[in-house]
Each structure stands twice: as structure tokens, then as C-alpha cells.
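Q: Before the details, please show the model, and then go through the terms used for it one by one.

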Amino acid sequence: MLFDLKLVETTYSKILTFETINPHIKNVEYAVRGELAIRAEEIKEELAKSGPGKFGFDTVVNCNIGNPQQLLQRPITFFRQVACLTEYPDLLLPENRDRVKALFPSDVIERAQLMLKQIGSVGAYSHSQGILFIRKDVAKFIEERDGYPSDPSNIFLTQGASTGVQSVLQLIIANSNVGIMIPIPQYPLYSATLSLFDAQPVPYYLNEEENWSLDISQLTSSLSTARDKGLNVRALVIINPGNPTGQCLTEQNMREIIDFCHQQHLVLLADEVYQTNIYQPTERPFHSFKKVLRSMGSKYDQFELFSFHSVSKGMIGECGRRGGYYECTGIDKQVIEQLYKVASVGLCPNVPGQIMVDLMVRSPKHGDKSYPLYQKEMSNIYESLRRRSIKLNELFNSLEGVSCKDAQGSMYLFPRIYLPVKAIEAAKAAGKQPDEFYCLEMLNATGVCVVPGSGFHQEEGTWHFRSTFLPPEELFDGFCERLKNFHKEFLVKYNG
Ligand SMILES: Cc1ncc(COP(=O)(O)O)c(CN[C@@H]2CONC2=O)c1O
């Protein structure tokens with residue numbers, strides 16, 4: 001007898017429902033692309049369909065995510081020229097030589113030929129840890145940056161820093177009693193990943209009054225509270241420069257943190273993706289944890305450190321290429337073998353992303369044909385980011401009931417907002433956190449999409465939001481004006 005499909009359809013119950021999927025996935029929150037970002041996409045749709053109409057603006061400005069090229073930042077010419085030739089090697093055939101020479105500088109052609117000689121084809125799987133030739137370039141970059149040896153076999157190329165962070169956390173989280181120390185406010189990749197792997201976040205609070213500084217006493221009290229609860233705290237996460245807070249650690253503070261981890265037997269995860277987004281290079285230069293660690297002498301030779309970097313940030317902003325790496329320092333060889341085994345399950349990181357990592361760590365040098373343009377493009381982007389960070393910081397601090405620490409690094413400002421009682425009551429009535437309510441009102445009034453501080457977690461009773469300073473400089477004054485006018489109107493509406 002044939003199945004009566006109607007019968008099957010009426011009685012068929014879904015295997016996968018919200019109730020039956022992995023509960024850890026349901027616990028995951030990632031505010032950078034949460035409710036505000038979703039609402040911003042809806043508004044974009046409505047604007048595309050029916051024009052400004054009911055909105056007082058004609059464009060949505062995505063300041064919720066550090067995605068420079070979404071905000072029209074131009075890619076670095078040299079990087080794209082090399083990438084272009086590696087994607088279509090026929091351009092390098094003798095019959096095309098003259099035409100290609102007319103379009104591409106000789107050092108671009110040479111670099112593309114070198115890359116293709118090493119990798120074969122961008123369409124081929126590579127070594128699961130990443131192409132050795134590129135890992136050697138990463139190791140050389142680290143040695144030249146820090147002045148200490150780096151071993152390519154201790155380097156993993158990854159799909160952006162995100163997947164590196166997740167691989168390392170997955171390795172450390174042996175069971176649900178494992179605690180991982182994370183900064184508050186923090187970039188929600190960490191809290192989200194701990195939820196996913198069913199680990200326990202052990203929050204340590206950054207000190208906003210002291211420019212988001214990291215007090216060792218805060219680490220100590222947070223750790224002892226967690227251990228008193230019976231948690232097996234195994235690692236400490238540091239984001240330097242900070243996201244969302246933008247602070248850069250002093251070398252002295254970094255030595256104290258390493259000593260703290262050494263004494264308390266913690267693995268250190270150093271997220272350094274913003275290491276070139278440094279806007280006060282004299283007062284607050286970037287130091288890598290690898291360099292500071294190696295400068296502290298043989299007592300720390302066995303210290304365990306993972307350092308993460310990415311092509312998504314800096315002046316490069318090639319977020320969509322998903323390129324990054326992490327370096328394992330002091331990590332047991334057998335543990336590295338396990339990391340390799342898991343990396344091999346995913347076969348390999350994407351090869352265009354690996355090429356971008358190589359271009360980042362081995363960029364045009366003085367004397368190369370492409371160097372003048374490369375240097376000009378990089379410094380123009382850097383100076384513009386610095387100017388925009390200062391301008392937006394000044395704007396926030398000019399607003400009534402707003403205070404904002406300056407951006408020593410990264411791509412964000414994280415102003416604190418003091419909201420009128422009526423606004424807090426209105427938020428409660430709407431079932432929203434006060435800063436979430438403020439951000440939604442901002443989006444609906446101006447089209448500017450930022451992320452509420454609650455999405456990064458924050459000290460109880462304080463409210464913040466995070467904005468990038470990425471809108472194009474030629475539109476920046478208009479962008480700032482939108483925010484200023486909104487804030488004034490918001491206060492009138494809820495101060496009465
Ligand atoms: C501190 C930090 N670490 C890692 C990442 C992951 O980067 P990739 O996976 O792209 O290498 C980000 C991305 N920053 C997110 C994305 O944009 N805005 C943010 O806060 C980040 O801010």
C-alpha cells in the first residue's frame with residue numbers, strides 16, 4: 001500500500017524545533033548583529049521600497065560593526081592587484097604580458113607569480129594549518145615586530161580571528177565547570193562562544209573612570225570568587241587594544257597581567273586584532289603580549305599564551321576575506337597536534353584569506369615600486385580614522401548627560417549615557433533595557449545603527465552604547481549633526 005501522503009503530512013511533526021535544538025545554541029547572544037542590526041536591515045528594505053517617506057533620513061548608517069569597507073573605505077590597491085592576478089593566473093601568461101604590464105606594477109606581478117608558485121591554485125585545499133610559506137612570513141613578521149623567535153609550526157592561519165578564538169576556547173573548555181575570565185565590557189564573540197561550549201564566564205570589570213584600565217585587584221577578586229564557587233578557571237582573555245572600550249594597555253600593566261596568570265596558573269588569550277589601530281602612539285604604543293612575555297626572562301619560559309590577529313582591522317579592513325592567524329607560545333606539542341587534528345576536520349582556511357594574511361604581514365617595503373602608493377593609502381586611512389575618532393569623541397562629550405573616554409585604539413567609542421527617569425520608565429514599558437531603548441529611538445529617528453552597551457555587558461546601573469567612527473569623513477559632519485539633534489530631541493521628549 002502506497003503511503004497516504006496527506007496522512008503523513010497531517011501527522012508529521014518536525015524533528016528540529018526551538019525546543020529540541022542544542023540548548024547551548026539558544027543561550028548564544030551576539031549583539032553586534034542583534035536586534036538593532038536586524039531593525040536597521042528592515043529600515044533599509046523599507047527605504048529601498050518606498051524611499052524616505054515616513055523616515056526623516058534617506059540612508060541607514062551601520063555604526064554597529066567594525067566593517068570599514070561597508071562604509072566605503074577603499075581597499076589597499078597593492079593587496080587587490082595581487083589578489084586579482086592570483087584569482088586569474090592566465091593574466092600572467094606570456095601572451096598577456098604587455099597588457100598586464102600596462103595595468104600592474106612589476107612588484108605586483110612578481111608577488112602574484114611567487115604566491116602561485118607556492119600555493120598552486122587559490123582553488124586548491126591547502127595545509128590545514130595554513131600554507132607553510134605564509135606561516136613562515138607570519139613568523140618573520142612576529143620576529144621583526146617583537147625581536148624574539150617565532151616558529152611557523154606554532155602558527156595557525158584561520159577564517160578571521162573569530163574561528164581561531166573559538167578553536168582555542170573549545171580546546172580549553174574540557175567540561176561545563178571550566179571558567180574563562182573575560183573583560184566587562186567585552187566583545188561578545190567571547191561570551192557567545194562560552195555559551196556555545198557551555199563554559200562559565202568569569203567577568204572582570206574594566207575601570208571606566210581610569211580610561212577602562214585593568215586593575216590586577218579586579219582580576220584577583222574575580223578569580224577568587226569563581227574558584228570559591230568551585231569553578232575550574234583555566235584562562236584569561238585580554239583584548240588589547242580594547243573592544244568596545246578602545247584602551248591600550250601599558251607595558252607595566254601587561255607584565256602584571258602575565259605575572260598574575262603565571263601565579264594563578266592561567267592560559268592567556270591575547271586578542272590583538274587592533275594592534276595597528278593605535279591613535280596615541282607616543283603615550284599609548286602597542287606592545288604585543290608575546291614581546292612583553294619574552295622580555296620577562298626564563299622564569300616564564302613555560303608560560304602558555306595564544307595571540308590572535310586578523311586582516312579585518314587596522315587600515316586594511318578586508319573583513320569579508322576571512323583572514324587571520326593565531327600563534328601558540330609555550331603550548332605543549334601534543335596539544336598543538338590536537339589543534340591541528342581539529343583544524344584538519346575543517347580541511348583548511350580559505351586560500352584568498354590566507355593570501356591576504358601574507359600581504360598584511362609582508363607588505364611593500366621602501367624601494368618597492370608599489371611602496372609610495374601603499375604608504376600613502378595606509379597613512380591616509382590611519383590619519384582619517386584618528387581624526388574621526390577625535391571628532392566623534394568631542395561630539396559625544398558635548399552632549400548633555402553623555403561622557404565618553406577617548407579612543408586610544410580600535411575602531412569604537414563607548415559613551416556612557418545618563419538617561420532621564422522618564423526614558424528609563426518608557427524603556428521598561430517597552431520591555432527594553434534603557435540603552436537598548438535609546439539606541440532604537442536613535443535608529444528610528446536618524447538611521448544611525450549603534451549597539452547598546454548591554455550587548456557588551458557593563459557595570460550594573462550604567463548605560464552605554466558603542467559606535468564605530470567609520471562613516472566616510474566627507475559625510476562625518478552630517479552624521480554627527482544627526483546624532484546631536486537626535487539627542488537633544490530625545491532629552492526634550494523624556495525630560496519633561
Ligand atoms: C576584539 C575582536 N576580536 C576578534 C574579532 C573577529 O574578527 P575577524 O573574525 O573578522 O578576524 C573582532 C571583530 N570585530 C567585530 C566585528 O565588527 N565589529 C566588531 O565588534 C574583534 O573586534
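A: The largest share of the shell around the ligand, 3 residues, is contributed by helix α8 (residues 160-172), where helices are DSSP runs of H or I with at least four residues, strands are runs of E with at least two, and both are numbered from the N terminus. The model is predicted, so that local features need pLDDT of at least 70 and side-chain atom pairs count only at pLDDT 80 or more, whereas totals for chains, interfaces and linings use all residues. Residues are numbered from 1 along each chain as its sequence is written, and side-chain values use heavy atoms, with hydrogens and water left out.

Q: What makes a residue part of the group that surrounds the ligand, and how many are there?
A: A residue is near a molecule if one of its heavy atoms lies within 4 Å of it; 17 residues surround the ligand, and the closest are Ala161, Ser162, Asp271, Ser310 and Ser312. By class, this shell has 7 nonpolar, 6 polar and 4 charged residues.

Q: Why are β10 and β13 called edge strands?
A: The open sheet of 3 strands has the order β10-β14-β13, with antiparallel pairing, and β10 (412-413) and β13 (451-452) each pair on one side only. Two strands pair if DSSP finds at least two bridges between them, and 2 bridges join β10 to β14 (residues 465-468), so this pair qualifies. Threonine 468 in β14 is the bridge partner of tyrosine 412.

Q: How do you know that the peptide bond from isoleucine 184 to proline 185 is cis?
A: Its omega is near 0°, and proline 185 is found in the loop between β3 (178-184) and α9 (189-196). Another cis peptide bond joins asparagine 243 and proline 244, with omega about 15°. Most peptide bonds are trans.

Definitions and conventions: Nonpolar A, V, L, I, M, F, W, Y, C, P; charged D, E, K, R; others polar.
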